[in-house]
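Subject: A structure to look at, with notes

Dear colleague,

Please find the structure below, and have it open while you read the notes that follow.

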Amino acid sequence: MSVHHMARSRTTAVLLAGGTGQRVGLAIPKQLVKIAGKAVIEHTLAIFEQADCVDDVVVMMAPGYVAEVEKIVAKAGLTKVTKVLEGGATRSETTERAIAALGEGLAEGEDLNVLFHDAVRPLLSERVIKDCVDALDRYQAVDVAIPSADTIIVTRTHGEDGEFITDVPDRSRLRRGQTPQAFKLSTIRKAYEIAASDPNFQATDDCTVVLRYLPDVPIYVVAGDEYNMKVTQPVDVFIADKLFQLASTALPAPADERAYREQLTGRTVVVFGGSYGIGADIASLAESYGAKVYALGRSTTGTHVENPEHVDDALSKAYAESGRIDYVINTAGVLRIGKLAETDNAAIQEALNVNYLAPVHIARASHKYLAETRGQLLLYTSSSYTRGRAEYSLYSSTKAAMVNLTQALSDEWAADGVRVNCVNPERTATPMRTKAFGVEPAGSLLSSEAVARTSLDVLLSELTGHVIDVRQQDPTRGASEATGFEQALASVLDRHEDEEHS
């Protein structure tokens, strides 16, 4: 019978999280460092939680931190994690402990697909996971690797004179190894059993063990991803955080009409900036699905978001009348274009008050209400947040602040169950934009209704600490076909293109 018609073996992902944070310069294991509002290991676990081809997950954690991971798993609702165990003193010892644990409860002759993955590689794509599992239908051992962009040199040290090149291997045949490394459990167990009799055994990865002690077993190579980076050095923490900031582009799954109604009926939504544009469209949509909506704006309700008393009064009234506040949204903003040296104090103060201080006041005043309902605060940024440019200094810098505010508050308020997200629409047809740029070509802008619909999807999702890009869909390629990082690259390119044309 062809392997393609056989039932696939159960697949277990083993997260190797036994390392410490010494190289990163931290007092805690690097897998517990927070990036984009969550511990690195939580990001990595979430990838396997969402991977359809992975059945369960075992975590091998640094000694003394098992309880910490168990708390993360419980809080995040990661249902696939079946065990959190202490790792060993070395990578190979940790793998041996995992092999022993995985063998428990298996029937005689039963095998298992095992994926060993570094917990500190939190940008792994589901494509790589699937390719590894598929490859195990044909091979007993699988590695993941990418071509080397750098020339690799072999050196030898000559006393105190330093290092000298002894060889320059052909780069076309060189690859940089990543994880996961995937095996049939029986294969990797046998390789380690043979290795145990070698008094000189040492290995930094599991494919090396198979290569050395089971030389007749071919090791298939799956193409990895350049962004499947390992957080090892201090600079890696910074790079990974920026990649998450850019790659948080995957839109939450759109709800159907019934789900909108079920989740919004009886809820209270407060929209600052609700007089027109995106805010007005969100208010209208939410109300149509049964929510009690308070749409507040300067021109309709006389609410000035830059006035903390107006913000406090609006929230107090909404709470007094409805008995709850589930979602607070701020779409209010001003766009002032011009050279900073030629901008008067009044214009500067207005930009700071409306674009920065107002969201800060709204966040502070909303917290007590949202903590009561475990609700969400939704802020808005602009495509200009990634790169300030001439004549947009005030606007871009305050919009970048919204991203940092979102990430900080999502972490700060996580214990209260309050989610905080930020929507980043590409160029959108709103009165504010028309006032700044005039009438633009039909079809060149997102509709405010489309942004409002996505905003509702974000409100009803479990996301927190994310910057969600809303872009016009490429009709030749569905959004689901692109990885988060590919979408991020496309988004960055689009932003730079926008800068050239706006």
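T398 touches A351, L352, N355 and Y356, where touching means heavy atoms within 4.5 Å and residues up to four places away in sequence are not counted. Before going further, please keep in mind that this is a predicted model, in which local features need pLDDT of at least 70, side-chain atom pairs count only at pLDDT 80 or more, and totals for chains, interfaces and linings use all residues. Residues are numbered from 1 along each chain as its sequence is written, and side-chain values use heavy atoms, with hydrogens and water left out.

T398 is found in helix α12, residues 393-412; helices here are DSSP runs of H or I with at least four residues, strands are runs of E with at least two, and both are numbered from the N terminus. With a relative accessible area of 4%, T398 is buried (buried means under 20%, exposed over 50%, and partly exposed in between, using a 1.4 Å probe and protein chains only). The side chain of T398 also reaches the backbone oxygen of L394 at 2.9 Å.

Helix α12 packs with helix α11 (residues 345-373) at an angle of about 10 degrees, and their axes are 10 Å apart; the axes are lines fitted to C-alpha atoms over the stretch in contact, and angles run from 0 to 180 degrees between N-to-C directions. That angle makes α11 roughly parallel to α12, since angles under 35 degrees count as roughly parallel, over 145 as roughly antiparallel, 65 to 115 as roughly perpendicular and the rest as oblique. Among the residues making this contact are A351, L352, N355 and Y356 of α11, and L394 and T398 of α12. The contact residues divide into 14 nonpolar, two polar and no charged, where Ala, Val, Leu, Ile, Met, Phe, Trp, Tyr, Cys and Pro count as nonpolar, Asp, Glu, Lys and Arg as charged, and the others, Gly among them, as polar.

A second pair is α8 (residues 257-264) and α14 (residues 448-459), which pack at an angle of about 60 degrees with their axes 11 Å apart, and are therefore oblique to each other. Here E257, Y260 and L264 in α8 meet R453, L456 and D457 in α14, and these residues divide into three nonpolar, no polar and three charged.

Lastly, G224 lies in the loop between β11 (219-223) and α7 (234-247), and G224 is buried, with a relative accessible area of 14%.

Best wishes

Technical notes:
A polar contact is a pair of N or O atoms within 3.5 Å; within protein, one must be able to donate a hydrogen and the other to accept it, and residues adjacent in sequence count only if both atoms are side-chain atoms.
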